[in-house]
Amino acid sequence: MMGLSVLLLLGLALKAGAETVSLAYTPHLASENLGGKLTASTFTLDQPRCVFNDVVNDTDRIWLLVARSNAVSNFTRPRSPSELPFQSLEKNGFYMTLSTALDGYPCPDPAAGAGGQLTVLRVGNEVQCITDPARPDCNGPLPGPGPYRVKFLAVNPDGVTAESAWSDDITLVQARSPETIDVSPGRRSDSTIAIASILSILFAILLAALIAALIYKYTDACSKDGVVTLRESATITRYTTHHIYDQPGQKL
């Protein structure tokens with residue numbers, strides 16, 4: 001009787017272990033040419049469209065699991081997403097967010113074409129809920145550059161039913177402090193110095209030409225004024241002569 005119980009328990013354990021399907025899909029950054037694909041607190045993924053459709057039920061929910069890269073080796077599947085709230089990221093290195101129904105990631109319709117629809121997920125773009133315990137699924141901004149890794153999980157009330165592979169490391173953009181930016185001349189390239197030197201020489205030549213033009217113009221004006229003055233000073237003034245009468249003594 002005891003042996004039968006052990007076999008039943010072993011069978012249940014094997015069945016429970018077999019319930020979680022491991023998929024070959026690996027999450028990755030958006031392939032679209034998007035601005036802000038990586039920022040200091042967010043990143044953008046391609047949606048896992050048509051990935052879970054053949055392995056889970058319509059009642060399952062698809063979740064995104066975000067982890068610090070150095071915590072991945074300690075990951076164990078949660079019984080419920082509420083065990084990994086966003087607010088505990090700093091403590092345990094994981095959180096689950098962006099829950100959606102299976103039809104949220106439908107297979108593409110070849111007849112419809114892309115239609116300009118963006119099929120991406122922006123991770124980290126909610127701010128209001130970061131400290132709200134009523135929002136354990138908050139898609140809050142990431143608190144540092146990382147690196148981070150992600151995977152998608154299909155979850156029902158019994159636990160995780162399917163999961164993707166882990167993504168590669170995702171490192172966010174790191175902002176630089178103004179104090180760390182070196183603006184000293186020693187950091188300038190040789191080409192920059194050469195261009196600055198040429199521009200300085202051209203400016204000096206232009207300035208010298210301008211000064212020479214002004215001197216020439218002033219000198220020419222002064223020369224013309226001098227000639228007019230000389231001619232005016234050399235003019236001989238003529239006087240009208242009067243009749244000179246003989247002295248009275250000469251008439252005697």
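Does Asn156 count as buried or exposed, and at what relative accessibility? At 17% relative accessibility, Asn156 counts as buried, the term being used for anything under 20% relative accessible area, with exposed meaning over 50% and partly exposed the range in between (1.4 Å probe, protein chains only). The model behind this is a predicted one, in which local features need pLDDT of at least 70 and side-chain atom pairs count only at pLDDT 80 or more, while totals for chains, interfaces and linings use all residues. Residues are numbered from 1 along each chain as its sequence is written, and side-chain values rest on heavy atoms, with hydrogens and water left out.

As for the overall layout, the chain has 3 helices and 7 strands, taken as DSSP runs numbered from the N terminus (helices: H or I, at least four residues; strands: E, at least two). Read from the N terminus, the order is α-β-β-β-α-β-β-β-β-α. Of the 252 residues, 27% count as buried. Among contacts (heavy atoms within 4.5 Å) with a separation of 6 or more, 71% come from residues 24 or more positions apart.

Back to Asn156, which sits in strand E6 (residues 148–156). Apart from neighbours within four places in sequence, Asn156 touches Asp60 and Thr161. A polar atom of the Asn156 side chain also lies 2.8 Å from the backbone nitrogen of Asp158.

The strand around Asn156 is well covered too: 8 of the 9 residues of E6 are buried, so E6 is largely enclosed by the rest of the structure. Strand pairing here requires that DSSP find at least two bridges between the strands. E6 pairs with strand E3 (residues 61–68) in the antiparallel sense over 8 bridges, and Leu65 stands opposite Lys151 of E6. Strand E7 (residues 159–163) is another antiparallel partner of E6, over 4 bridges, with Val155 opposite Val160 in E7. A hairpin of 2 residues links E6 to E7.

Technical notes
A polar contact is a pair of N or O atoms within 3.5 Å; within protein, one must be able to donate a hydrogen and the other to accept it, and residues adjacent in sequence count only if both atoms are side-chain atoms.
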